[in-house]
Every structure is written in C-alpha cells, then in structure tokens.
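Let's walk through this one together, question by question. Have the viewer open as we go.

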Amino acid sequence: MPAPAPLTVAAAQPACHPSGLPDTVAANVERHAAAVRAAGTARLVVFPEFSLTGYDLAAPALDPSDERLAPLVAACAETGATALVGAPVASEDGREYIATIAVTGAGALVVCRKTNLYGREGERFAAADRPSVLELDGWRLGLAICADAADPGHARQLAALGADAYVASTLYGASAEALATKEARYPARAADNGVWVVLATAAGPSGEFAASSGGSGVWAPDGTEVVKAGTAPGEVVTAVLG
C-alpha cells in the first residue's frame with residue numbers, strides 16, 4: 001500500500017477558562033475555534049485532555065451534539081480541519097468516560113475513551129477496554145489520553161494496529177518531576193514504535209491544576225523533536241508528517 005500524502009498537523013494549548021462556571025465550555029469553545037483558525041492549513045488540530053472543561057472531575061458530561069460546539073464546528077468548516085478536543089462524555093448505558101471528541105465542519109463525534117485512569121478519575125469514570133484509531137486522509141492515528149501514554153504497551157498496541165502516528169491529549173503539572181517525565185516520554189514513544197508522535201498538553205491553569213507544563217509538540221519516528229511550544233498558554237505549533 002502506498003504511503004499517504006503528507007499530513008499537516010497542529011498541537012494547541014489554549015488558555016483554559018476557569019472550570020465550573022456557566023460559561024466554561026462556551027468560552028473554551030471560542031478559544032478552540034481561534035486556535036483552529038490560527039493553525040492555518042492544518043488538517044488535524046489536537047487539544048489537551050479535558051480541554052473544553054478544564055481538568056474538573058465534576059464537570060457535567062458533554063454531548064457531542066451540544067449547540068455550544070457550533071463555533072468550533074464553524075471554524076472547522078472554514079479551514080477544513082478536524083479538531084480533537086477533550087471532555088467528559090456519557091454512554092447510552094450510563095457509564096461516563098474521559099474522552100476525545102473529533103469536531104469537523106459536519107459536527108462532532110466521540111472517537112476515543114481513556115483506557116488508563118489516573119488518581120481519583122476511577123471514582124467517577126469507567127475505563128475503555130480497547131485503544132482507538134482514527135483514520136484521516138489515509139493516515140491511521142492512534143489516540144491516547146494522558147495516562148494512556150504512560151503505558152508503553154498502549155503505544156505498542158496501536159502500532160500493531162497499523163498506526164502511523166501516536167496522537168496524545170494530556171495534562172502535566174508544572175513540577176520538575178512532571179516536566180522530566182513529559183520530556184522523556186514522547187521521543188521514546190516515537191522511537192520505540194517507529195511512528196510520528198503529536199502531543200497536545202495543557203499550559204497554564206486547568207481546573208484543579210493551578211499550573212500545567214505546556215510544551216506541546218511533534219516528534220519524528222526516530223524520536224527527533226520537530227517542533228515544540230513553550231510553557232505559555234495560547235501557543236499553536238504546526239508540523240508536516242510524512
């Protein structure tokens with residue numbers, strides 16, 4: 001099978017509106033829409049874990065049909081992008097998950113549910129039983145949500161499923177230990193599996209976190225850093241895979 005055409009991707013770390021307010025989701029959607037437009041010709045724009053609500057374990061589940069997503073749907077329609085955003089969601093059986101929602105000009109759909117829960121997350125959320133792959137322009141994108149990427153086996157599973165890239169939506173604290181973990185993890189996931197890695201991670205405050213790491217970026221299949229954002233919220237970095 002021939003290799004897919006190069007794919008332009010962006011990793012965004014928008015400032016997160018304070019959690020738990022009536023306008024939290026709407027304000028974050030507007031910031032996401034601005035980031036999609038700032039990403040220019042990117043076909044894929046990746047956002048951090050819980051990007052629409054902030055890291056708020058009490059935030060209500062978000063329905064992908066929620067009308068508050070309309071400005072982001074419009075931005076994706078204008079640019080031709082697919083945006084991967086983070087929020088809690090509920091399934092038909094009542095279980096709730098930490099999820100990634102894919103937003104396009106046609107609407108929104110849950111495409112990934114977190115398989116590896118962290119800390120108190122398991123008190124509310126269920127763990128998905130399998131990893132998720134999203135296909136876009138001939139690329140197979142293996143999706144990860146934060147603690148998923150802490151497990152080397154998660155990336156190996158997705159590589160075995162034919163993933164061309166490992167796409168992670170995360171949040172790391174701003175401690176020296178968290179920063180060291182983040183800096184080591186994503187080059188390793190790329191080099192160990194021979195895949196591209198795209199990381200969108202939160203910057204600035206996010207819900208229960210008074211500070212987070214920033215440093216979203218892209219790594220080539222040999223582990224080489226292609227592009228990386230700084231620590232400030234509001235940055236969008238782009239790269240071409242392929």
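**Reading the fold from the inside out**

Q: What share of the 242 residues in the protein is buried?

A: Buried residues account for 53% of the 242 residues, where buried means under 20% relative accessible area, exposed over 50% and partly exposed in between (1.4 Å probe, protein chains only). Keep in mind that this is a predicted model, in which local features need pLDDT of at least 70, side-chain atom pairs count only at pLDDT 80 or more, and totals for chains, interfaces and linings use all residues. Residues are numbered from 1 along each chain as its sequence is written, and side-chain values use heavy atoms, with hydrogens and water left out.

Q: What pLDDT does the protein average?

A: pLDDT is the predictor's confidence in each residue, from 0 to 100. Where it is low, the predicted coordinates should not be read in detail. Here the average is 97, and 100% of the residues score at least 70. Among the elements, α4 has the lowest mean (97) and β2 the highest (99).

Q: How many helices and strands are there in the protein?

A: Helices (H or I, at least four residues) and strands (E, at least two) are DSSP runs, numbered from the N terminus. The protein has 4 helices and 12 strands. Its radius of gyration is 16 Å, close to the 18 Å that the globule rule gives for 242 residues, so the protein is as compact as a globular protein of that length. That radius is taken over C-alpha atoms, and the rule is 2.2 Å times the number of residues to the power 0.38.

Q: What span should helix α1 have?

A: The expected span of a helix is 1.5 Å times one less than its number of residues. For the 15 residues of α1 (residues 24-38) that gives 21 Å, and the end C-alpha atoms are 21 Å apart, which agrees. Just after α1, Gly40 takes a positive phi of about 65°.

Q: Which residues of α1 are buried?

A: They are Thr24, Val25, Ala27, Asn28, Val29, His32, Ala33, Ala35 and Val36. An α-helix has 3.6 residues a turn, so residues three or four places apart point the same way. The cover over the buried residues of α1 includes β1 (7-13), β2 (44-46), α2 (70-79), β3 (82-90) and β12 (235-241).

Q: What do the side chains of Thr24 and Asn28 reach?

A: A polar contact is a pair of N or O atoms within 3.5 Å; within protein, one must be able to donate a hydrogen and the other to accept it, and residues adjacent in sequence count only if both atoms are side-chain atoms. Thr24 counts as buried because its relative accessibility is 4%. The side chain of Thr24 reaches the backbone nitrogen of Leu21 at 3.0 Å and that of Gly20 at 3.5 Å. Asn28 is buried too, with a relative accessible area of 0%, and a polar atom of its side chain lies 2.8 Å from the backbone nitrogen of His17.

Q: How many residues does the largest nonpolar core have?

A: A nonpolar core is a set of buried Ala, Val, Leu, Ile, Met, Phe, Trp, Tyr and Cys residues joined through side-chain atoms within 4.5 Å. The largest has 34 residues, and Leu84, Leu141 and Val167 are among those with the most contacts inside it. β7 gives the most to this core, with 4 residues. Apart from it lies another core, of 29 residues, including Ala42 and Leu69.

Technical notes
Contact = heavy atoms within 4.5 Å.
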